[in-house]
Amino acid sequence: MKNAIFPIFSVFIAVFLAACGGTNLDVPTDLPPICREIDFNSQPDMREICGVRNVRTRAYQNIPQQRYLIQPKEASLVKTNGRVELRLPNTLPIELDDALLQTEIKFDQNARMTKIKNRYDYYEFYPAERERLRIFKITLISDFGNEFAYCFRVPEKRGNDRTRSVAMGNRVDLMECFDFNKLVETHRK
């Protein structure tokens, strides 16, 4: 009886290991600039230096995938949990709710090493009747050549230096690009 169970048990273990055997690389989203354009598959000796580790594909499914933008510096798009987020330095993540963007921009290992081409337009106005107005527009050019424009308003920080922590992330509000263009036309005169 023991001899009959052992082959069945060994086949079960072999099938289980084959199903879970594939490995994937967990690349951190806060890589230093020197590690950003390295192919960790062809240069495995750089994995430990840059903080990249092997992860079994079935063991950990929530690995954020990231691609950097050309402008502004240190900005990136991160795909996590089926959503695409824009991450700017010292700013809370901004969720970009666009299903087309998820299919138009690739987030696989090969695409990770190329930056996303984009345009960045930043304006700062000082209207006489109210406080400073800071707005910007990011136009993303997808891997297939299509353009996606997103417009944002940077609200003034609330509180004072004592109540506002330096380590806190800033907030950025999404706005309609029609309103963005109207504000630029009005205040550039």
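User: What N to O distance is found where the side chains of Arg-83 and Glu-95 meet in a salt bridge?

Analyst: Side chains of opposite charge can pair when their charged atoms come close. Here the salt bridge between Arg-83 and Glu-95 has an N to O distance of 3.5 Å (the term requires a side-chain nitrogen of Lys or Arg within 4 Å of a carboxyl oxygen of Asp or Glu). The pair links distant parts of the chain, since Arg-83 belongs to strand 5 and Glu-95 to strand 6, twelve residues apart. Strands (E, at least two residues) and helices (H or I, at least four) are DSSP runs numbered from the N terminus. The model is predicted: local features need pLDDT of at least 70 and side-chain atom pairs count only at pLDDT 80 or more, whereas totals for chains, interfaces and linings use all residues. Residues are numbered from 1 along each chain as its sequence is written, and side-chain values use heavy atoms, leaving out hydrogens and water.

User: Which residues are linked with Arg-83 in a network of salt bridges?

Analyst: The network comprises Arg-83, Glu-85, Arg-87 and Glu-95. Within it, Arg-83 also pairs with Glu-85, with the closest N and O atoms 3.1 Å apart. Glu-85 is buried at a relative accessible area of 8%, while Arg-83 is partly exposed at 30% and Glu-95 is partly exposed at 41%. On this scale, buried means under 20% relative accessible area, exposed over 50%, and partly exposed in between (1.4 Å probe, protein chains only).

User: How many salt bridges does the structure hold, and which residue forms one with Arg-119?

Analyst: The structure holds eight salt bridges. Arg-119 forms one with Glu-147, the closest N and O atoms being 3.1 Å apart. This pair joins strand 7 (residues 118-125), where Arg-119 lies, to strand 9, which holds Glu-147, across 28 residues. Arg-119 is partly exposed at 37% relative accessibility, and Glu-147 is partly exposed at 48%.

User: Which residues have the most contacts inside the largest nonpolar core?

Analyst: In soluble globular proteins, nonpolar side chains tend to be buried together. The largest nonpolar core has 20 residues, and those with the most contacts inside it are Leu-77, Leu-86, Leu-96, Leu-101, Leu-140 and Phe-152. Such a core is a set of buried Ala, Val, Leu, Ile, Met, Phe, Trp, Tyr and Cys residues joined through side-chain atoms within 4.5 Å. Strand 5 (83-87), strand 6 (94-96), strand 8 (133-141) and strand 9 (147-154) each give two or more residues to this core. Its largest share, four residues, comes from strand 9. Not counting residues up to four places away in sequence, Phe-152 touches residues including Leu-86, Ile-94, Leu-96, Phe-136 and Val-172 (contact means heavy atoms within 4.5 Å).

User: What residues line the largest cavity?

Analyst: Rolling a probe the size of a water molecule over the atoms shows where empty space is left. The largest cavity is lined by Arg-36, Glu-37, Tyr-68, Arg-112, Met-113, Thr-114 and Lys-115. A cavity is a set of points on a 1 Å grid over the protein atoms alone where a 1.4 Å probe fits but cannot get out, and lining residues have an atom within 4 Å of a point. This lining divides into two nonpolar, one polar and four charged residues.

User: What do the totals for the chain show about how much of it is buried?

Analyst: Of the 189 residues, 32% count as buried. The chain has four helices and ten strands, and residues 24 or more positions apart account for 50% of the contacts with a separation of 6 or more.

Conventions. On a 1 Å grid over the protein atoms alone, a cavity is a set of points where a 1.4 Å probe fits but cannot get out, and a pocket is an open set with protein on both sides within 12 Å along at least five of seven lines; lining residues have an atom within 4 Å of a point. Ala, Val, Leu, Ile, Met, Phe, Trp, Tyr, Cys and Pro count as nonpolar, Asp, Glu, Lys and Arg as charged, and the others, Gly among them, as polar.
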